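Work through the exercises below with the sequence and the structure open. Each task is followed by a solution in steps.

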Amino acid sequence: MKPLKLIGLTLAALLALSAQAIAQDIPVAVAGPMTGGESAFGRQMKNGAELAVTDINAAGGVLGKKLSLLVGDDVCDPKQARSVAEKLSGNKVPFVAGHFCSSSSIPASEVYAESNVLQITPASTNPLFTERKLWNVLRVCGRDDQQGLVAADYIKKNYAGKNVAILNDKTTYGKGLADETKKALNAAGFKEKLFESYNKGDKDFNAIVSRLKSETIDLVYVGGYHQESGLIVRQMRAQGLKTVLMAGDALNDKEFAAITGADGEGTLFTFGPDPRNKPTAKAIVEKFKAKGIDPEGYTLYTYATMQLWSQAVAKVGSTDPKKVVEAIKAGEWDTVIGKLGFDAKGDIKAIDYVVYKWDAKGNYAEITKQGS
Amino acid sequence: MAYFSQQLINGVVLGSIYGLIAIGYTMVYGIVGMINFAHGDIFMIGGFVALITFLILVSIGLTFVPVILLLVLLVAMAMTALYGWSVERIAYRPLRHSFRLAPMLSAIGMSFALSNFAQVAQGARVKPVPPIVTGGYTLFERSGFAVQLSNIQIIVVITTLVLLALFTYLVSRTRLGRDMRACEQDQTMAALLGVDVDRTISMTFVIGAALAAVAGMMYLLYYGLVDFFMGFVAGIKAFTAAVLGGIGSLPGAMLGGLSIGLIETMWSAYFSVEYKDVAAFSILIVVLIFLPTGLLGRPEVEKV
């Protein structure tokens, strides 16, 4: 028994030591869907956060300490998001970059608010995230009510007098976005011909597709994620339907093109002006490319989240979330995605969405200029 | 009319895939009297094996599609059958004479084990493939609505029909089928009369898994992607189909699959897409109220 006890003690001591070592660092977290159907976006976020933390540490860290990154996986499941939030709060992180799905970010934010954690989402666009007047939430991306306006504006201009259908996947994000777009369209006197919903995770959309076909729909707007959108496009083309699909920011990953192949050509989506093209991002984009990563979608947004927080902490001289939030809302911050300023709710002041189009080779590019 | 025909095609193809999976549930239930909850995940494994085989064949330079499809089919059936056999051997056989719920619980555990295994081994992302079988026909066109029938839809339906005929023959006309029916009636008596019960049950799982592999491959070809959690929903639907058709009955499973596929499609076509699952399950309830053993199920006879 004696040697066993000794080993046990040594192990315990080692554990205590490593806990000590981590305590030297400031733990920060990135949380999102690292597995499951939306894991493409979780990967974007993780890539962005990892490089940001590496860069910040290389530049001397924050308040003289290094950052250590924790990764939380919520699988885009609200229940899982809560337990991830509780776990991260238990690890005493002062700050979380996340989550991705609005249906995860919203329940998680309540846990963070109670446990004194600052939450900055790089990607959740549902207005409710900042509308509930929680002290601890900020977002560096746009909102669905603005996204819906831009989409409606595009549809109005380019599909006047044509048939438009709106579908949604019943999630917080998808339903919210579809509702905002419908509202904006109807306000402009444009009535959609069909408003339907499907289940996230459905694979067979043939019945809906035939319905679009019989109603001679010219454009179908989808409030939903890329996997289902990709399948809808694929099944539309298989039934000989040329209808254009338009969706929101959840289509900004190459995985969409992997599902549709060349059929994805002409598919539209709205997203912020490509952060990769901003002059502020050039050096960092190069760094990502050197690692073999294309910093698409929300990668740079997550990077910016980390930058924003570390700058604010340096300015305040403390990681106390309440002080950091005050400072962030009061100031203007230079990040990889440009200069950011925040309103009292925690939304960024200057938001612009543009329309992107997929081509046959699986790349996407902006087709409308800002503000048009 | 044209619209109805198109939706009919959609429904029949979807129903065929459900039916193929449902046969596995029904055969196992018929013989061992347990619900093999891991069957949906066996179907998922079948899809993955088909995908991997396809990628290997393409990377060694095969381009002739019919040969690729045949090889993928054979490899997927063989590999997945091995999984089905192992699952029975590891998780069910040791519990066969335990209390009734034990194999069912171990089946649920097996289902988690398999889907998590696929997640760890293959990653959590969806695995898309480019369209392999392309093309199709325009059957007829009326008032601007062209009814399309794609090649892949034809393949799915024909494969299903051929397999159904083959397995009905197997169960009703061959030595193995006779053993199966004997085990179904009374395992102890069958054993006394020289039927190798263990072997027969193993074969049932092997056949069920092979059919699930075909369904997995059809799914991959038709929808163009597989992921590690696809077995869950498909499994639930197929199980429902098996119950609707009368669990234990082979043609019943197929009929149940077709019914579920058609109900879902027609409901989406004429009412709202939102409530298609509600519609399918409501009809299941109504059927079970009036026909407690399902559409083609035989009434339970008390064995004396």
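**Exercise 1. Overall form of chain B**

Task: Find out how the radius of gyration of chain B agrees with that of a compact globule.

Solution. Step 1: the radius of gyration is taken over C-alpha atoms, and the globule rule is 2.2 Å times the number of residues to the power 0.38. Step 2: for 304 residues a compact globule would have a value near 19 Å; chain B has 20 Å, so the two agree. Step 3: the C-alpha trace of chain B spans about 65 × 50 × 35 Å along its principal axes. Step 4: the secondary structure of chain B comes to 11 helices and 4 strands, where helices (H or I, at least four residues) and strands (E, at least two) are DSSP runs numbered from the N terminus.

The model is predicted: local features need pLDDT of at least 70 and side-chain atom pairs count only at pLDDT 80 or more, while totals for chains, interfaces and linings use all residues. Residues are numbered from 1 along each chain as its sequence is written, and chains are lettered from A and ligands numbered from 1 in the order in which they are written.

**Exercise 2. B:Met217**

Task: Decide whether B:Met217 is buried or exposed, and list its contacts.

Solution. Step 1: locate B:Met217 in helix H8 of chain B. Step 2: apply the cut-offs (buried if 20 or more other C-beta atoms lie within 10 Å of its own, exposed if 12 or fewer, partly exposed in between; C-beta atoms are placed from the backbone). B:Met217 counts as buried because it has 29 C-beta neighbours inside 10 Å. Step 3: two residues are in contact if their C-beta atoms, placed from the backbone, lie within 7 Å. Leaving aside neighbours within four places in sequence, B:Met217 contacts B:Gly46, B:Gly47, B:Ala50, B:Val72, B:Leu73 and B:Ala76.

**Exercise 3. The largest nonpolar core**

Task: Which residues touch the most other members of the largest nonpolar core?

Solution. Step 1: a nonpolar core is a set of buried Ala, Val, Leu, Ile, Met, Phe, Trp, Tyr and Cys residues joined through C-beta atoms within 7 Å. Step 2: among the 194 residues of the largest core, B:Ile21 and B:Ala215 touch the most other members. Step 3: helix H8 (residues 197–223) of chain B gives the most to this core, with 18 residues. Step 4: beyond four places in sequence, B:Ala215 is in contact with B:Ile17, B:Leu20, B:Ile21, B:Phe43 and B:Gly46.
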